[in-house]
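Hi there,

As promised, I am passing this structure on to you. Please have a look at it first, and then read my notes below.

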Protein chains: 2
Amino acid sequence: MELVASEIDIGTHLPTVLLNGGDAEELGVHPLDRVQITTDGTTVIGIVEVTEELVAPGTLGVTRRLGHVEGPVDVTAAPKPRSVRYVRKKLDDRELEADEIRAIVRDIEADRLNDVELSAYVSGIYSNGMSDAETTHLTEAMAEVGERLSWPDEVVADKHSIGGVAGNRVSPILVPIIAAAGVKIPKTSSRAVTSPAGTADTMEVFCDVEFSIPELRDVVEETNGCLVWGGSVDLSPVDDKIIRAENPLSLDPTGQLIASVLSKKYSAGSTHVIIDVPYGEGAKVDGHSEARELGDDFERVGDHLGVRVAPAVSPGHEPIGRGIGPVLEARDVLAVLAGDGPEDLRLKSERLARLLLDACGVDADAGDIIDSGRAEAKFREIVAAQGGDPDVTAGDLTPAEERATVTADRAGVVTHIDNRIVSELGRRAGAPKDPAAGLTLARHVGDEVATGDELFTVYAETTDKLDDALALADRAEPVRVRSREEAMVERI
Amino acid sequence: MELVASEIDIGTHLPTVLLNGGDAEELGVHPLDRVQITTDGTTVIGIVEVTEELVAPGTLGVTRRLGHVEGPVDVTAAPKPRSVRYVRKKLDDRELEADEIRAIVRDIEADRLNDVELSAYVSGIYSNGMSDAETTHLTEAMAEVGERLSWPDEVVADKHSIGGVAGNRVSPILVPIIAAAGVKIPKTSSRAVTSPAGTADTMEVFCDVEFSIPELRDVVEETNGCLVWGGSVDLSPVDDKIIRAENPLSLDPTGQLIASVLSKKYSAGSTHVIIDVPYGEGAKVDGHSEARELGDDFERVGDHLGVRVAPAVSPGHEPIGRGIGPVLEARDVLAVLAGDGPEDLRLKSERLARLLLDACGVDADAGDIIDSGRAEAKFREIVAAQGGDPDVTAGDLTPAEERATVTADRAGVVTHIDNRIVSELGRRAGAPKDPAAGLTLARHVGDEVATGDELFTVYAETTDKLDDALALADRAEPVRVRSREEAMVERI
């Protein structure tokens, strides 16, 4: 039917069109169906929403995502994209073929699936799982979409840590070690989604993290490494779109996790990748054996892709390092690189770097590279190449002004530090939006404390945010202290 | 944070709010998260979408679904509704408790779930199924929401047919039979969603079908029966909302189907219900045993609710009756009630009415009630009570003017009439939007035909729609004719 189109911005990333109820009935389409819009010989497909008021009969509201569509257009009902059938096939618990998975990935990339279909895809692979073959196909399909880097080097290193552990800022220490050992490591990282800081947020304290692919290439060619935000380079554009359907239910289907990580590594041109899987209460993976299994899955799918994966597992039941929040984590990083800083962060970074160098077949000692100052020098080189101040000192990294220290209300031992509550506390204090906000942890699990000893200090830009964080601390006990007796057996 | 709200209509039924990207970051919320909006002591919860352009920093776009929200408001991040956890539990294939299912149903009813969460719910119960206990809890929860009718009678009859069979217009014949036998039958029916006519669309040819609950009660008290659109009475408001997430993937999870049907019957105050499950190629259920199983499921869940279900199965591999489309089906109904009309529709209606009367323990003969003219008289009484013309004749029911007859291009036997293609053909011809559009089938499966014999005739309001329907007929062969030899063994 003939309708008059005009642009309408309803704040959705999807190619939505708004139809009046009567016109929708005439076309025989329902909300979330598609219509085909033809004007001057060009045709676009939109996803339907129906309104009685915003759009008058005979007119069509078109969101900008569909391009410039204005004036008289011909509108007809359009079939669902082919991949909807494959989403349903997965809900029926039938294994998907390579071309079916590719169709789903391409339709997600092109915004051809509506929220219901996207959610059904995530629900299906979460509920019914994916075979190794499916995960490999998914990884390849995700890597095909978007850019891909290639390097002349035979060995290109990379690293990924499964999230969930607060303060786990290994990459800014590991990347300079690897780069200083003469191996390229084009590291991309994420920003925080539900945590108080992602590696990209922490690095942004030092320098720019948003780069195009040619710019990233320049940084890596100059320094052997980089520490940039993955969202700015276009290595796996599908990932961000899938997250929209993962977030509301906090779903992280294993096959999708592996594909998202490895497709980015593959697209970065990396050949040898260390995958760190933290396990324990509050980490993404509960137990040691489950973590090993996930590591093995990564290795197998990597083999299919021609990417050598070195899987590693690590205890993730408590935060790593001292600071939580971009600036406070940046201070830890600088201290470790200077041969100082939290011992657990130093040991973990050094150990992962050692395993990665082993996997790459490079004869270099990660500990030496830190102790000799070569890692720090390389870090400052990367910071400079990314537009930051190479002479940055801890004094330049000032935590937020509003502060409060929480102390032990009894003598005893620290029995538990909860990653999720610590993260939530950091967010309430204002991180990552306020980079200097967050908290510093004064203790680790197993430490003995006396009444009045510092447990942690919260930093915020405003007293409101400080109070909000402290209210949570008061209620949720992020750092649990128990007497020696209670620590052995607790009455509940 | 403080924002200035103004109303914005983006054509969504959900309580959506639009935030500027920077404000969303400050609040720490992502698309599809919730915010709590407080103004003058009242608080509402909105679902977030993020825009950079439509809504300026410091302002908030609020859809009408949230009520009148205007001017300065206080906005904070709000937690997800509790039921999101239970949706996830179902995706984990764990059985849900009664109160968990009730929480999901109430949140759906109040539009508290976004499309991703609603779709995950449907995907979860589709993929992982529901136990009898879960289905019973779901039925009760759906019945609790919305209105409920009660009647002084000990026996109140009802009927439901699982969809998928074109032309299957049994209710307008069965309801007057039951009502004429002295049993109340407060029948609600649906409008077409993807078919060319629902029972409500067909009844609308004769009279009004949109009634409030008090009006429905008056009609039933006057005539013993009614034939109204279920969407106008508020018996199961959750149903329409769930359909939004079922349609895009054509999902119809069994537990949800049973709960949707029986909750409406329960809310209508019905005590004895016949459930007709058609089976066969092109029907919703493939095989005879699968249909029996579904019938048994209905019966068991009905027992828990205190509703006596008489399950029945019927062949559904080809359309029932002659007409497809509201007016053309209305003609069949009127003819059968007059003791004439398509034999299959008469036999099926009579048989289901007989089984229902048996279940109700009423000693009356359905065939006699038709043959004596009492069913027709009762039908006209109901039509009059619903505001229609009781003296309507076939002559008042004129099919659309543009017509084309499709004939057999060979001699042989009709081997197949495809429900889905026949339905699509009726929709392309214009039904149900054009009530007089559709088609009439001249043959049944098994009929012998000579070259040039009529197979079916298409009716449409415009030549465009007629051509569109004929193009499909040409391509898709809705009525398949094969030679005697081919009918036995077909080369492919």
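How many bridges join strand β14 (residues 412-417) of chain A to β18(A)? The answer is four, and the two strands run antiparallel.

Before going on, a word on the ground rules. This is a predicted model, in which local features need pLDDT of at least 70 and side-chain atom pairs count only at pLDDT 80 or more, while totals for chains, interfaces and linings use all residues. Residues are numbered from 1 along each chain as its sequence is written, chains are lettered from A and ligands numbered from 1 in the order in which they are written, and side-chain values use heavy atoms, with hydrogens and water left out.

**The sheet and its neighbour**

Strands here are DSSP runs of E with at least two residues, and helices are runs of H or I with at least four, numbered from the N terminus. Two strands pair if DSSP finds at least two bridges between them. Strands of a sheet pair through backbone hydrogen bonds, either parallel or antiparallel. In chain A, β16-β14-β18 is the order of an open sheet of three strands with antiparallel pairing. Its edge strands, β16 (448-449) and β18 (479-482), each pair on one side only. Within the sheet, V413(A) stands opposite R482(A) in β18(A).

D418(A) is in the loop between β14 and α16 (419-429) of chain A. A salt bridge needs a side-chain nitrogen of Lys or Arg within 4 Å of a carboxyl oxygen of Asp or Glu. The side chain of D418(A) does have a polar atom 2.9 Å from the backbone nitrogen of R420(A), and one 3.0 Å from the backbone nitrogen of I421(A).

**Salt bridges**

The count comes to 80 salt bridges over all chains. One of them joins D111(A) and K241(A), at 3.4 Å from N to O. D111(A) lies in the loop between α3 (98-109) and α4 (115-128) and K241(A) in helix α9 (residues 237-246), so this pair ties together parts of chain A that are 130 residues apart in sequence. D111(A) is buried, with a relative accessible area of 6%, whereas K241(A) is partly exposed at 24%.

Another salt bridge is found between E381(A) and K378(A), at 3.2 Å from N to O. These two are three residues apart in helix α15 of chain A, which means that about one helical turn separates them. E381(A) is partly exposed at 33% relative accessibility, and K378(A) is buried at 11%.

**Rings**

Rings of Phe, Tyr and Trp (its six-membered ring) pair if their centres lie within 6.5 Å; planes under 30 degrees apart count as stacked, over 60 as edge-to-face and the rest as tilted. Over all chains there are two aromatic pairs. In one, the rings of F206(A) and F379(A) have planes at 85 degrees and centres 5.0 Å apart, so the pair is edge-to-face. It links distant parts of the chain, with F206(A) in the loop between α7 (199-203) and α8 (213-223) and F379(A) in helix α15 (residues 374-385), 173 residues apart. F206(A) and F379(A) are both buried. The other pair, F206(B) and F379(B), is edge-to-face with 5.0 Å between centres and 85 degrees between planes.

A charge sits over a ring if NZ of Lys or CZ of Arg is within 6 Å of the ring centre and within 35 degrees of the ring normal. R148(A) has its charged end over the ring of Y266(A), 4.0 Å from the centre.

**Backbone**

Most residues other than glycine have a negative phi, and most peptide bonds are trans. What kind of peptide bond joins A431(A) and P432(A)? It is cis, with omega about 5 degrees. N224(A) is not a glycine, yet has a positive phi of about 80 degrees. N224(A) is buried, with a relative accessible area of 17%.

Enjoy exploring!

Methods:
Buried < 20%, exposed > 50% of the residue type's maximum accessible area, 1.4 Å probe, protein only. Polar contact = N/O pair within 3.5 Å; in protein donor to acceptor, adjacent residues only side chain to side chain.
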